[in-house]
Amino acid sequence: MNVTFDFTGKVVIVPGAARGIGREMVAQFAAAGASILAADRDAEGLAETCRALDPSRIASLVADVSSEAGAASIVDTAVQRFGRLDICVNNAAVAPHTALLEERVEVWDTVFAVNTRGTFLMTQAAARAMIAAGNGGRIVNFSSGVTTRGSAGAAAYSASRAATEAFSRVAAVELSPHNILVNVVSPGLIDTQPKPLPPSMAESLGKRIPAIPLARPGEPSEVAALVLFLASDAASYITGAVYSIDGGSGIGTRPAGPVVDEDVRYDWVTGRE
């Protein structure tokens with residue numbers, strides 16, 4: 001099945017666009033005909049994201065979503081450049097990993113400033129612009145599978161993502177009268193790292209991947225495809241939802257061997273082995 005989307009005439013904001021999933025989302029929205037404001041704090045990475053795209057439909061802005069001025073400048077720039085705003089994808093995030101007893105309060109505050117406050121500020125600014133235009137809109141926020149399980153070293157990150165999910169449900173309720181749909185994408189292990197991997201990371205992934213039910217990491221293109229679906233007319237009756245895209249890792253682990261012992265089979269009809 002070949003699934004395509006058409007976002008011709010639509011304007012999309014993608015904060016966190018300098019690499020990985022953000023860069024892939026910019027590419028896929030561009031391929032689908034959208035005009036895009038790509039934002040990030042990393043000017044060099046942002047330039048690389050936009051380099052090969054149609055300059056008439058792509059704009060970039062170095063900005064920090066964790067500040068009111070930064071969030072407002074992203075939305076204002078998109079509206080001034082393209083005349084409207086239809087979709088906001090809040091991908092910007094930081095994810096330092098530190099043992100709980102070694103966690104520093106300034107790192108904790110930074111994680112919440114970017115991941116949670118940044119999502120709030122961008123959602124608020126985007127929603128105000130969408131309401132002023134009267135055309136409705138779509139907001140897609142990002143979470144993580146670590147919100148539902150204890151992941152060592154991820155205290156700040158998992159807490160910030162859980163807060164984002166709770167916030168997004170409230171936003172979905174409050175913005176529904178304006179036909180603004182708010183949903184959350186929650187990726188699992190996605191292959192965004194440059195190769196070759198550091199030996200310690202490669203060893204860690206070598207242990208994790210076999211336990212994923214689909215036995216592989218996800219690709220940024222797969223996450224981007226889910227985001228485009230939620231931003232499209234195909235998702236017009238979905239709001240306040242959290243979509244896991246994790247290869248099944250949130251529901252269990254891949255069996256290490258045969259599910260049924262070949263030497264002992266039970267006949268459920270006759271009741272005999």
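My entries run from the whole chain down to single residues.

**Ground rules.** I am working with a predicted model, where local features need pLDDT of at least 70, side-chain atom pairs count only at pLDDT 80 or more, and totals for chains, interfaces and linings use all residues. I number residues from 1 along each chain as its sequence is written, and side-chain values use heavy atoms, with hydrogens and water left out.

**Fold.** I counted 7 helices and 7 strands in the chain. For these I took DSSP runs, numbered from the N terminus: helices are H or I with at least four residues, strands are E with at least two. Going along the sequence, I wrote down the pattern β-α-β-α-β-α-β-α-β-α-β-α-α-β.

**Size.** I found a radius of gyration of 21 Å for the chain, which agrees with the value near 19 Å that a compact globule of 273 residues would have. That radius is taken over C-alpha atoms, and the globule rule is 2.2 Å times the number of residues to the power 0.38. Along the principal axes, the C-alpha atoms fill a box of roughly 70 × 45 × 40 Å.

Buried means under 20% relative accessible area, exposed means over 50%, and partly exposed lies in between (1.4 Å probe, protein chains only). I then took contacts (heavy atoms within 4.5 Å). Among those between residues at least 6 apart in sequence, 70% join residues at least 24 apart.

**Helix H1.** I checked the length of H1 (residues 20-31): its 12 residues should span 16 Å, and its end C-alpha atoms are 17 Å apart, which agrees. The expected span is 1.5 Å times one less than the number of residues. As buried residues of H1 I listed Ile21, Gly22, Met25, Val26, Phe29 and Ala30.

**Asn115.** Is Asn115 buried or exposed? I count Asn115 as buried because its relative accessibility is 0%. I placed Asn115 in helix H4 (residues 105-133). Leaving out residues up to four places away in sequence, I found that Asn115 touches Ala92, Ala93, Val94, Tyr157, Ser160, Arg161 and Thr164.

**Ser244.** My last stop was Ser244, in strand S7 (residues 242-245). Ser244 is exposed, because its relative accessible area is 53%. I also looked up Arg216, 28 residues from Ser244 along the chain, and found their C-alpha atoms separated by 15 Å.
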